[in-house]
Amino acid sequence: MRVLMLSKACVVGIYQPKLEAIARLGIDLKVLAPPSWKDERGVQILERAHTAGYQLQSIPIRFNGSFHFHHYPTLARELRAFRPSIVHIDEEPYNLATWQALYHARRIGAKALFFTWQNIKRTYPPPFSWGESWVYRKADHALAGTDDAKAVLRAKGYSGPVTTIPQFGADGALFQPAPSRLDRPFTVGYIGRIVPAKGVDILLRALAAVDGDWRLRLVGGGPSLGEMRTLASALGIADRVAVVGQLPSTDLPAQYREIDILVLPSLTQDNWKEQFGRVLVEAMASGVAVIGSDSGAIPGVIGDAGLIVPESDVPALTRAIQDLKDRATLRAELAGRGRERFLSRFTNDSIARETVEVYQELLAFPS
């Protein structure tokens, strides 16, 4: 089976083990990714970190950084040369790259599927609404990152087959529990984008009320980083906050070995709520206890393997952090549950297996 995947997300090296896992299942896989992708954190250069068993090829991109308008001028040529039986469009149905890939997939007679995280029913003006409806009519299958995203697809009129599979899991060989914790103060971690929707300000305010010795590691970048530095100073906790900044994705496994708990205090916005929270999976894989807000997909990802607090509730988050700080036994219990939950639900091997089952289903039923 020959599959071509188009994915700007796969510029991130830590996502690529899923691709190796798909290839190990007998798929002749070629992945097309741009040489870089721009977002509010800056420019992510294509990382070639895990490339065994499949082809990872960089192709030119236009309108880099625009979720709606980005597309690939040489894509038609690549499809004609590779002649895949399936085109896996790792993009939302409302963007130009998806329309482009689906159009050319149909021209060469390949089956095509797309991916969506969208867990809020949003409407778009033409031509985006027209293109989205066209994708719903013409795609052979949809992958939804969560059941909420699947429900949104149905509510927006998609009537074709859809399977719920997270876009990426984590690699259990890379993200592992540390053999022993360092001799250090209790350390809270935040890893991700520093933007208002992620609630880092809520975390800082909550930590300011935590008793005893603690530290915070902020790993990531974004437009709100300066504001968070200012807030930490105003709260009198700047000397306890280590700003690590944006790191290559391949450096992240080591970061989880530097923390005792991970907090993801996301805040639902008018046009966004937490779509998955991949750092929760990485933390659970690493044997790190987690706390998350109740925004979007977070409770479903954590299950009974961590603590859930109401979003934007500073006192509740303070209590949860204090509880895990003071109760090492509870912290260890949740860490163990998290590792088990990761192994049963969120490994790259399991996600790859479910994805390949969709491929096999596509080829079993002719159009």
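## How α9 and α12 cross

The crossing formed by helices α9 and α12 is left-handed, and, like everything described here, it belongs to a predicted model. Two packed helices are described by the angle between their axes and by the distance between those axes. For α9, which spans residues 278-285, and α12, which spans residues 328-345, the packing angle is about 110 degrees and the axes lie 7 Å apart. Because angles of 65 to 115 degrees count as roughly perpendicular, α9 is described as roughly perpendicular to α12.

## The residues that meet

On the α9 side, the residues taking part are Val 281, Met 284 and Ala 285, and they meet Ala 335, Gly 338, Arg 339, Arg 341 and Phe 342 of α12. Sorted by class, this contact of α9 with α12 is made up of 5 nonpolar residues, 1 polar residue and 2 charged residues.

## The setting of Thr 355

A separate place to look is helix α13, covering residues 348-364, where Thr 355 is found. Thr 355 has a relative accessibility of 3%, and it therefore counts as buried, since the cut-off for that term is under 20%.

Leaving aside residues up to four places away in sequence, Thr 355 touches Ile 22, His 88 and Ile 165. Thr 355 and Leu 143 are 212 residues apart in sequence, while their C-alpha atoms are 8.7 Å apart in space.

Key: Residues numbered from 1 in each chain as written. Predicted model: local features only at pLDDT ≥ 70, side-chain atom pairs only at ≥ 80, totals over all residues. Heavy atoms only, no water. Axes fitted to C-alpha atoms, helices over the stretch in contact; angles between N-to-C directions. Helix = DSSP H or I, 4+ residues; strand = E, 2+ residues; numbered from the N terminus. Parallel < 35°, antiparallel > 145°, perpendicular 65-115°, else oblique. Left-handed = near helix turned anticlockwise from the far one by under 90°. Contact = heavy atoms within 4.5 Å. Nonpolar A, V, L, I, M, F, W, Y, C, P; charged D, E, K, R; others polar. Buried < 20%, exposed > 50% of the residue type's maximum accessible area, 1.4 Å probe, protein only.
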